[in-house]
Amino acid sequence: MKQKLAVYPGSFDPVTFGHLDILQRGLELFDRVIIAIAYNIEKKGLFTFEERKELIQQSINGNPNVIIDSFDGLLIDYVKKVDATFVIRGLRAMSDFEYEFQMASINRTLNPGMDTLFMMTSKDYFFISARTIKEVAQFRGSVSSFVPAPGEKRLKEIFEGP
Ligand code: PNS
């Protein structure tokens, strides 16, 4: 029987507890989830790809049903390449909706065989974003409630030195 596979794309710069919550819930619906780290020329990240990958790896406790990969170009092409049908995205506040709706609609127009599954972020994480976490860390605030320990450590090193 064909395994149910979903792609969870994003920048993951860095991975947060909000991402991990969506991943966990995605794994209840799909046999395998590919975390696909997007290469975005316009969005230069704080972490390198290798670091992002490593931080995700350190947060998934060796779960064999999670595959970590990266892609550039269009998400629809990547989804086709790995022979998946579903993309998972987390929705936080209303402010996410317009962008996500636009993206899902464009993707579905370009590839009608693909669908985006939205999950409402848990109440504990709906206010978390990688951008605000980096800002808090930059000004030496604690990010331990927002990112797993390895990410917290790396952020400290980046902004406060080793
Ligand atoms: O974590 P992010 O930054 O919100 O993730 C956005 C991402 C990477 C999912 C999105 O920008 C994306 O799919 N980029 C790949 C390029 C693409 O397919 N664009 C067409 C949809 S507008």
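**Cavity**

I began with the cavity lining and found that helix 4 gives the largest share of the lining of the largest cavity, four residues. The model I am reading is a predicted one.

I then looked up how many cavities there are: a search of the whole structure returns one of 30 Å³ or more. The largest cavity has a volume of about 40 Å³.

I listed the residues that line the largest cavity: Pro9, Leu75, Val87, Arg89, Glu100, Met103, Ala104, Asn107, Thr116 and Phe118. By element, strand 4, helix 4 and strand 5 (115-120) each contribute at least two residues to this lining. By class, I noted six nonpolar, two polar and two charged residues in the lining of the largest cavity.

Next I turned to the largest pocket, which holds about 1,500 Å³ of space. I recorded 43 lining residues for the largest pocket, and the closest to its centre are Gly10, Ser11, Lys43, Arg89 and Tyr99.

I checked which elements give two or more residues to the lining of the largest pocket, and they are strand 1 (5-10), helix 1 (17-27), helix 2 (49-57), strand 4 (86-91), helix 4 (94-110) and helix 5 (130-138). Helix 4 supplies the largest share here, nine residues.

I sorted the pocket lining by class and got 19 nonpolar, 14 polar and ten charged residues.

**Cross-check**

I compared the two linings. Helix 4 gives the largest share of the pocket lining, and helix 4 also gives the largest share of the cavity lining. Arg89 is on the list for the largest cavity, and Arg89 is also among the residues closest to the centre of the largest pocket.

Notes
Residues numbered from 1 in each chain as written. Predicted model: local features only at pLDDT ≥ 70, side-chain atom pairs only at ≥ 80, totals over all residues. Heavy atoms only, no water. 1 Å grid on protein atoms, 1.4 Å probe; cavity = no way out; pocket = protein on both sides within 12 Å on 5 of 7 lines; lining within 4 Å. Points joined across faces, edges and corners; volume = space filled by probe spheres on them. Nonpolar A, V, L, I, M, F, W, Y, C, P; charged D, E, K, R; others polar.
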